[in-house]
Amino acid sequence: MKVVLFCGGYGMRMRNGTADDVPKPMAMVGPRPLIWHVMRYYAHFGHTEFILCLGYGAHHIKDFFLNYEETTSNDFVLRHGRTELLSTDIADWTITFAQTGIESPIGERLRRVRHHLDGDDMFLANYADVLTDAPLPEMIDRFALRDAGASMMVVPPQSSFHCVELGEDGLVGGITAVSELPLWENGGYFVLRQEVFDHIPENGDLVADGCAELAKRGRLVAHQHRGFWKPTDTVKERAALDDAYTRGDRPWAVWERDGAEANTAVRTA
């Protein structure tokens, strides 16, 4: 199944005061950028056809893949001055690089790459800056059985703030953590059908226009995920993920976890 990644935004909240033009998906987590971690997640489940919706700082993304260093994240043997890889990350990936405009909203970016989907009824989409350990096959299988135009992964509110209940006299009636409220946030992982294009106008948005209209028509379903999910909207959030990677605490790296479980099974068989 093809995977559309939206990676052309400015990512202003990720800025650290420097006047660089690096797009948010190229922010580093460990030795690789965010977009690599997201793509490895999809590839682990067999989805290796990617369509990158480029915009701001597109040359950084192009250069990364055009000059990709497999030895950064793979074991290898150096023999007589030549490198022999023992494993590979992206050798079986197909990546389409599509310029979708500097100022384009997400929905417009999707519209501009529709022809690259080759008419596939179902496809995947992602903001390319959120990491998760969500069970992707389950998400896809559930949606495939539903008569709906789109599926959106939703997660509990991530805010650490509290909501305060006020009476007319200004007295506080109760205090509740936002994370404990019966609310769900858009988690940024989508399974879509071509139907979504019927509801995204020119320069429209995927969620505010496409998904909202599908919801009105009873054509949008949600996949609730309470496991690991971390956005990278700020420098602090990206730094926290980078620190976690260094400590070896990276639940989003399902390709590492599932590989280790498979090896254990082989040794104990």
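Modeller: Asp-121 and Arg-193 form a salt bridge, with their closest N and O atoms 3.4 Å apart; the term denotes a side-chain nitrogen of Lys or Arg within 4 Å of a carboxyl oxygen of Asp or Glu. Asp-121 lies in the loop between helix H3 (106-112) and strand E8 (122-126), and Arg-193 belongs to strand E13 (residues 185-193), so the pair ties together parts that are 72 residues apart in sequence. Helices (H or I, at least four residues) and strands (E, at least two) are DSSP runs, numbered from the N terminus. Asp-121 is partly exposed because its relative accessible area is 45%, whereas Arg-193 counts as buried because its relative accessibility is 12%. Here, buried means under 20% relative accessible area, exposed means over 50%, and partly exposed lies in between (1.4 Å probe, protein chains only).

The model is a predicted one, in which local features need pLDDT of at least 70 and side-chain atom pairs count only at pLDDT 80 or more, while totals for chains, interfaces and linings use all residues. Residues are numbered from 1 along each chain as its sequence is written, and side-chain values use heavy atoms, with hydrogens and water left out.

The structure holds 18 salt bridges. Side chains of opposite charge can pair when their charged atoms come close. Another of these pairs is formed by Asp-89 and Arg-40, whose closest N and O atoms are 2.9 Å apart. Asp-89 is found in the loop between strand E6 (82-85) and strand E7 (94-99), and Arg-40 in helix H1 (residues 34-44), so this contact ties together parts that are 49 residues apart in sequence. Asp-89 counts as buried because its relative accessibility is 5%; Arg-40, at 16% relative accessibility, therefore counts as buried.

A further salt bridge joins the side chains of Arg-250 and Glu-256, at 3.0 Å from N to O. Arg-250 counts as partly exposed because its relative accessibility is 22%. Glu-256 has a relative accessibility of 35%, so this residue counts as partly exposed. Elsewhere, salt bridges that share partners join Lys-2, Glu-49, Asp-118 and Asp-120 into one network.
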